[in-house]
Amino acid sequence: MASPEIDALTQALARLPGLGPRSARRAVLHLLKKREAALTPLIRALERVNERLAVCATCGNVDTSDPCAICVDSRRDSKLLCVVEEVSDLWALDRSRLFPGRFHVLGGRLSALEGVRPEDLTVDRLIGRVAAGGIDEVVLAMNATLEGQTTAHYLAERLETFPVRLTQLAHGLPVGGELDYLDEGTLAQALRARRPVS
């Protein structure tokens, strides 16, 4: 039997994506066994992130500064803007190192079943960024789900009056697939084969 504190730690870890109760118990045992090498550095890292955590007011990325490191990177092409549903999608695309531009995180996708409407997302902020000028191409990098494609279609309609090239990721992505779970080769091909939104 574990103490209430250790049990609470196990339960907190079990709520993380990809960890169930059994994996959480193994992680806790490892942390306790390697206290100085694993537990203490983890606690410090969590405290530092908790103290400095910020949501970028420009793009919606999660970072320890506002604006985020991507938005202040002068090497990025400010004329290219990639629109994604979630921060995890931004991180997946950025990890591939194949998109040289900036990003915009919607904070979700349109869903009639879940009651997610355009005003629940950062659509107006996206329109404002495009309306301000300086953007030549907007890449709609929505997940290949029904809701993702509905969101892409809605954004295409909202952006069609602006003098920007609208493209979307190629449909070589698996139907029902999410960007965060795709390998870099699949992401690379999807970015290279992006096409205009009709």
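A: The structure holds 0 disulfides, a disulfide being a pair of cysteine sulfur atoms within 2.5 Å. This is a predicted model, in which local features need pLDDT of at least 70, side-chain atom pairs count only at pLDDT 80 or more, and totals for chains, interfaces and linings use all residues. Residues are numbered from 1 along each chain as its sequence is written, and side-chain values use heavy atoms, with hydrogens and water left out.

For C68, the closest cysteine sulfur is that of C59, at 3.7 Å, which is too far for a bond. C68 is also buried, its relative accessible area being 0%; here buried means under 20% relative accessible area, exposed means over 50%, and partly exposed lies in between, with a 1.4 Å probe and protein chains only.

C71 has its closest cysteine sulfur in C59 as well, at 3.6 Å, and this too is too far for a bond. With a relative accessibility of 11%, C71 counts as buried.

P4 has its place in helix α1, residues 4–14, where helices are DSSP runs (H or I) of at least four residues, strands are runs (E) of at least two, and both are numbered from the N terminus. Between P4 and G108 there are 104 residues in sequence and 36 Å in space, C-alpha to C-alpha.
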